[in-house]
Amino acid sequence: QVQLAESGGGLVQAGGSLKLSCAVTGRTVGDLVMAWFRQAPGKEREFVVATSWSGSVTYYADSVKGRFTISKENEKNAVYLQMLSLNPEDTAVYYCAARRSRAISQSPAEQDYWGQGTQVTVSS
């Protein structure tokens, strides 16, 4: 069973930066694709970025291209989301997700594991 735990959320001013962490624990079977999603109040959960654990393929949502970067530390089984140039529209609960597949999916329904979420609030 794969377990995900996010951390690093908080309050930041517009234009600022924040780095989220996702600790991956438990045994994994087969291929694994990691992803970040976010959900703002009154909105559907939306795709942010996904990457294969090997890093061979990465895909960003248009809304965050050039501002957000996904990375990882394999020895720590940790995945990160570096967020730059934040604005109030980025305010949301951010979720770490994982899919047992080689293929990236932007659909929340196709993710197999979820973290508890971490709140990111950007003030103006």
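Buried denotes a relative accessible area under 20%, exposed one over 50%, and partly exposed a value in between (1.4 Å probe, protein chains only). The legends below describe a predicted model, in which local features need pLDDT of at least 70, side-chain atom pairs count only at pLDDT 80 or more, and totals for chains, interfaces and linings use all residues. Residues are numbered from 1 along each chain as its sequence is written, and side-chain values use heavy atoms, with hydrogens and water left out.

View 1. With a relative accessibility of 10%, Thr-118 counts as buried. A polar atom of the Thr-118 side chain lies 3.1 Å from the backbone nitrogen of Gly-9. When neighbours within four places in sequence are left aside, Thr-118 is in contact (heavy atoms within 4.5 Å) with Glu-6, Ser-7, Gly-8, Gly-9, Leu-20, Ala-92, Val-93 and Tyr-94.

**View 2. The salt-bridge network around Arg-38.** Side chains of opposite charge can pair when their charged atoms come close. A salt bridge is a side-chain nitrogen of Lys or Arg within 4 Å of a carboxyl oxygen of Asp or Glu, and the structure holds seven of them. Arg-38, Glu-46, Arg-67 and Asp-90 are linked in a network of such bridges. The side chain of Arg-38 meets that of Glu-46 at 2.6 Å, N to O. Arg-38 is buried at 6% relative accessible area, whereas Glu-46, at 29%, is partly exposed. A salt bridge also joins the side chains of Arg-38 and Asp-90 (2.9 Å, N to O). Arg-38 lies in strand β4 (residues 33-39) and Asp-90 in the loop between β8 (78-83) and β9 (92-99), so this pair ties together parts that are 52 residues apart in sequence. Both Arg-38 and Asp-90 are buried.

**View 3. The salt bridge of Asp-62 and Lys-65.** The side chains of Asp-62 and Lys-65 meet at 3.3 Å, N to O. Asp-62 counts as exposed, with 62% relative accessibility, while Lys-65 is partly exposed, with a relative accessible area of 48%.

**View 4. The disulfide of Cys-22 and Cys-96.** A disulfide is a covalent bond between the sulfur atoms of two cysteines; here the criterion is a pair of cysteine sulfur atoms within 2.5 Å. The structure holds one disulfide, and it joins Cys-22 to Cys-96 with an S to S distance of 2.1 Å. The link is left-handed, with -80 degrees about the S-S bond. Cys-22 lies in strand β3 (residues 18-25) and Cys-96 in strand β9, so the pair ties together parts that are 74 residues apart in sequence. Cys-22 is buried at 1% relative accessible area, and Cys-96 is buried at 0%.

**View 5. The open sheet β1-β3-β8-β7.** Four strands form this open sheet in antiparallel pairing, where two strands pair if DSSP finds at least two bridges between them. Its edge strands, β1 (3-7) and β7 (68-73), each pair on one side only. On average, neighbouring strands of the sheet are turned by 20 degrees against each other, direction ignored; axes are lines fitted to C-alpha atoms, for helices over the stretch in contact, and angles run from 0 to 180 degrees between N-to-C directions. β3 and β8 pair in the antiparallel sense over six bridges. Leu-18 has Met-83 of β8 as its bridge partner.

Conventions: Helix = DSSP H or I, 4+ residues; strand = E, 2+ residues; numbered from the N terminus. Polar contact = N/O pair within 3.5 Å; in protein donor to acceptor, adjacent residues only side chain to side chain.
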